[in-house]
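Trainee: Can we go through this one together? I have the sequence and the model open.

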Amino acid sequence: HDPTSGGGNVGSPATLGDLAGLAQRGAAFDMVDGGPYDADKAYKDSKLCNLMFAAEAARRLAAKNAGTVTSFSPGLIPSPNGFFRYQNPVFARVFNGIAT
């Protein structure tokens, strides 16, 4: 993923800021960074949180020699009905064949 590309540089960027939303409103927060609700940013923030969770889980499991953690972009799921629904169907089928 290239965030400077046209597809990656759209809308609000993923940032958790200083987690002011949690401090201000507790469980009733709109956005973790304390800003107003933004669906695009909320989705991106959730992906950032997933990666941060995976990194912390990997750190803890490595310390115990208890396993590994794998995390990837949901955009790599080669479903012609999912993230690839707006791509050329031939591309989606070829990618699906390579990925599975």
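Mentor: Helices (H or I, at least four residues) and strands (E, at least two) are DSSP runs, numbered from the N terminus. This is a predicted model, where local features need pLDDT of at least 70, side-chain atom pairs count only at pLDDT 80 or more, and totals for chains, interfaces and linings use all residues. Residues are numbered from 1 along each chain as its sequence is written, and side-chain values use heavy atoms, with hydrogens and water left out.

Trainee: Where does Asp 45 lie?

Mentor: Asp 45 is in helix α2, residues 39-63.

Trainee: Is Asp 45 buried or exposed?

Mentor: Asp 45 has a relative accessible area of 5%, so it is buried (buried means under 20%, exposed over 50%, partly exposed in between; 1.4 Å probe, protein chains only).

Trainee: What does Asp 45 touch?

Mentor: Leaving out residues up to four places away in sequence, Asp 45 touches Pro 13, Ala 14, Thr 15, Leu 16 and Met 31 (contact means heavy atoms within 4.5 Å).

Trainee: Which element has the highest mean pLDDT?

Mentor: Helix α2, at 90, while helix α3 (residues 89-99) has the lowest, 75. pLDDT is the predictor's confidence in each residue, from 0 to 100. The chain mean is 80, and 76% of residues reach 70 or more.

Trainee: Backbone next. Which phi does Asn 65 have?

Mentor: A positive one, about 50°, although Asn 65 is not a glycine. Asn 65 sits in the loop between α2 and α3 and is exposed, at 73% relative accessible area.

Trainee: And what about Leu 19?

Mentor: Leu 19 also is not a glycine, yet its phi is positive, about 65°. Leu 19 lies in the segment before α1 (20-25) and counts as partly exposed, at 39% relative accessibility.
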